[in-house]
Amino acid sequence: MESTSSKLDLFGSLSREKQPSRVDIIFKKRYIHSAMMALCLVVAYLNRINLSVAIVSMTDKKSSNENFYEFDWNEREKGILLSSFFWGYVITQIPAGQIAQFISPKLLLGITNLISTILAALTPAASYFGGWQLLTGIRVAEGVCQVVENV
């Protein structure tokens, strides 16, 4: 049962205010938003580093399960792949700040995190069918998406 208190307002009339319940006090919206924001940033950083961890197994069968396909990428191609995320990230710093002024931050964070996660999920197929060139394009697109998450 909710408790109410009576108080006189500015004009002397009696007004009733609803007291917050215990659940409202514990789970305030700002805490929920903070937790969701932290979760989005965790997902973003996991998407950012996934290729840095996976490229070792992708290019050397002896370092992991030998039943997986091994890509024959030289050091130059691996370097391009690992840096390609930051190309998209650096190039779109200023435009991302301009976009963030006009679109709702929650909507922008949700959409860019979803797109970045979908692109990260396409990494194995892109590397198999398109080689390091297609994977480089996907990593640049991930960088473009994630710069908006950190504005």
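How do the axes of α5 and α6 cross, and within what distance do they come? They cross at roughly 165 degrees and come within 8 Å. That makes α5 roughly antiparallel to α6, because angles over 145 degrees count as roughly antiparallel. This is a predicted model. The protein chain has 151 residues, and 28% of them count as buried.

**Overall layout**

- The secondary structure of the protein chain comes to six helices and two strands.
- Reading from the N terminus, the order of elements is β-β-α-α-α-α-α-α.
- Take the contacts in the protein chain with a separation of 6 or more: residues 24 or more positions apart account for 64% of them.

**Helix α5 against helix α6**

- Two packed helices are described by the angle between their axes and the distance between the axes.
- For α5 and α6, those values are roughly 165 degrees and within 8 Å.
- The crossing of α5 and α6 is left-handed.
- On the α5 side, the contact is made by Leu108, Leu109, Thr112, Asn113, Ile115, Ser116, Leu119, Ala120 and Ala121.
- On the α6 side, the contact is made by Thr123, Pro124, Ile138, Ala141, Glu142, Cys145, Gln146, Val148 and Glu149.

**Helix α2 against helix α6**

- Helix α2 covers residues 29-59, and helix α6 covers residues 123-149.
- The two pack at an angle of about 150 degrees, and their axes are 12 Å apart.
- That makes α2 roughly antiparallel to α6.
- The crossing of α2 and α6 is left-handed.
- From α2, the residues that meet α6 are Met37, Leu41, Ala44, Asn47, Arg48, Asn50, Leu51 and Met58.
- From α6, the residues that meet α2 are Thr123, Ser127, Leu135, Arg139, Glu142, Gln146 and Glu149.

- Leucine 109 sits in helix α5, which covers residues 105-121.
- Is leucine 109 buried or exposed? Leucine 109 has a relative accessible area of 15%, so it counts as buried, the cut-off being under 20%.
- Beyond its neighbours within four places in sequence, leucine 109 is in contact with Met37, Cys40 and Glu149.
- Leucine 109 and leucine 41 are 68 residues apart along the chain, and their C-alpha atoms are separated by 9.4 Å.
- Asparagine 47 lies in helix α2. Its relative accessible area is 9%, so asparagine 47 is buried.
- Which residues does asparagine 47 contact, leaving aside its neighbours within four places in sequence? They are Asn113, Ser116, Thr117, Ala120, Arg139, Glu142 and Gln146.
- Valine 43 is also found in helix α2. Valine 43 is partly exposed, with a relative accessible area of 27%.
- Leaving aside neighbours within four places in sequence, valine 43 is in contact with Asn113 and Thr117.
- Valine 43 and serine 116 are 73 residues apart in sequence. Their C-alpha atoms are 9.3 Å apart in space.

**Aromatic rings**

- How many aromatic pairs does a search of the whole structure find? The search finds seven.
- One of the pairs joins phenylalanine 85 and phenylalanine 86. The ring centres are 5.0 Å apart, with 85 degrees between the planes, and the pair is edge-to-face.
- Phenylalanine 85 counts as buried, at 0% relative accessibility. Phenylalanine 86 is partly exposed, with a relative accessible area of 42%.
- Phenylalanine 85 also pairs with tyrosine 89. Their ring centres are 6.0 Å apart and their planes are at 25 degrees, so this pair is stacked.
- Where do phenylalanine 85 and tyrosine 89 lie? They are four residues apart in helix α3, residues 75-91, so about one helical turn separates them.
- Both phenylalanine 85 and tyrosine 89 are buried.
- Tyr69, Phe71, Trp73, Tyr128 and Phe129 form one aromatic cluster.

**A charge over a ring**

- Which residue lies over the face of tyrosine 31? Arginine 30 does, at 5.6 Å from the ring centre.

Technical notes:
Residues numbered from 1 in each chain as written. Predicted model: local features only at pLDDT ≥ 70, side-chain atom pairs only at ≥ 80, totals over all residues. Heavy atoms only, no water. Phe/Tyr/Trp six-rings, centres within 6.5 Å; stacked < 30°, edge-to-face > 60°. Buried < 20%, exposed > 50% of the residue type's maximum accessible area, 1.4 Å probe, protein only. Lys NZ or Arg CZ within 6 Å of the ring centre and 35° of its normal. Axes fitted to C-alpha atoms, helices over the stretch in contact; angles between N-to-C directions. Parallel < 35°, antiparallel > 145°, perpendicular 65-115°, else oblique. Left-handed = near helix turned anticlockwise from the far one by under 90°. Contact = heavy atoms within 4.5 Å.
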